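Subject: Handover of a structure and notes on its contents

Dear colleague,

Please find below the structure that I am handing over to you.

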Amino acid sequence: MRPLRIRFFTSFVHRQGTYFRFHNLAVALARLGQEVELFSLDHDTRSRRRVELRDGVPYRIVPSARGLSFVSPRSEEH
């Protein structure tokens with residue numbers, strides 16, 4: 001059976017709070033053989049686009065401005 005392609009979109013990359021919920025889930029899914037990748041925002045606007053491997057899970061990180069996210073309140077209206 002082919003592995004699932006799972007993509008998470010998160011609003012931050014700092015290691016606190018709910019980070020451990022999505023991170024631990026991503027790690028567990030990857031260990032089960034699924035293809036997992038995270039797309040996330042760094043609230044440091046001076047940072048650069050980068051890919052970080054965290055516990056075997058690739059994080060594709062882009063800089064952002066405070067208050068921006070991949071999912072906005074407007075997207076929840078539909």
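The notes that follow describe the fold, the sheet, the core and the salt bridges.

Please bear in mind that this is a predicted model, in which local features need pLDDT of at least 70 and side-chain atom pairs count only at pLDDT 80 or more, whereas totals for chains, interfaces and linings use all residues. Residues are numbered from 1 along each chain as its sequence is written, and side-chain values use heavy atoms, with hydrogens and water left out.

Overall fold

The protein contains one helix and four strands; these are DSSP runs numbered from the N terminus, with helices being H or I runs of at least four residues and strands being E runs of at least two. Along the sequence the elements follow the pattern β-α-β-β-β. Of the 78 residues, 31% count as buried, a term that stands for under 20% relative accessible area, with exposed meaning over 50% and partly exposed lying in between (1.4 Å probe, protein chains only). The accessible surface comes to about 6000 Å², and carbon and sulfur atoms hold 53% of it; the areas come from the Shrake-Rupley method with a 1.4 Å probe, and for residues only the protein chains shown count as cover. Among contacts (heavy atoms within 4.5 Å) with a separation of 6 or more, 48% are between residues 24 or more positions apart.

The sheet

In what order do the four strands stand in the sheet? The order is β1-β2-β4-β3, in an open sheet with mixed pairing; two strands are taken to pair if DSSP finds at least two bridges between them. Because β1 and β3 (50-54) stand at the edges with a single partner strand each, one side of each is left without a neighbour in the sheet. From one strand to the next, the twist averages 25°.

The pairings can be taken in turn. β1 and β2 run parallel and are joined by five bridges, with Phe 8 standing opposite Leu 38 in β2. β2 and β4 also run parallel, again with five bridges, and here Leu 38 stands opposite Tyr 59 in β4. By contrast, β3 and β4 run antiparallel, joined by five bridges; Val 51 has Arg 60 in β4 as its bridge partner. The hairpin of β3 and β4 has two residues between the strands, and Asp 55 in this hairpin takes a positive phi near 55°.

The helix α1 lies across β1, β2, β3 and β4 and runs at about 140° to β4. Axes are lines fitted to C-alpha atoms, for helices over the stretch in contact, and angles run from 0 to 180 degrees between N-to-C directions.

The nonpolar core

In soluble globular proteins, nonpolar side chains tend to be buried together. The largest nonpolar core here has 14 residues, and those with the most contacts inside it are Phe 8, Phe 22, Ala 26, Val 36, Leu 38, Val 57 and Tyr 59. Such a core is a set of buried Ala, Val, Leu, Ile, Met, Phe, Trp, Tyr and Cys residues joined through side-chain atoms within 4.5 Å. At least two residues of this core come from each of β1 (5-9), α1 (19-31), β2 (35-42) and β4 (57-63). The largest share, five residues, is supplied by α1. Leaving aside residues up to four places away in sequence, Val 36 touches Ile 6, Arg 7, Phe 8, Ala 26, Leu 29, Ala 30, Val 57 and Pro 58.

Salt bridges

A salt bridge is counted where a side-chain nitrogen of Lys or Arg lies within 4 Å of a carboxyl oxygen of Asp or Glu, and eight are found by this rule. One of them joins the side chains of Arg 7 and Glu 35 (2.8 Å, N to O). This pair links distant parts of the chain, with Arg 7 in strand β1 and Glu 35 in strand β2, 28 residues apart. Arg 7 counts as partly exposed at 26% relative accessibility, and Glu 35 counts as partly exposed at 37%.

Another joins Arg 60 and Glu 37 (2.3 Å, N to O), linking strand β4 to strand β2 across 23 residues. Arg 60 is partly exposed at 38% relative accessibility, whereas Glu 37 is buried at 11%. Arg 5, Arg 7, Glu 35, Glu 37 and Arg 60 are linked in a network of salt bridges.

A further salt bridge is formed by Glu 52 and Arg 54 (2.8 Å, N to O). Glu 52 is partly exposed at 24% relative accessibility, while Arg 54 is buried at 6%.

Yours sincerely
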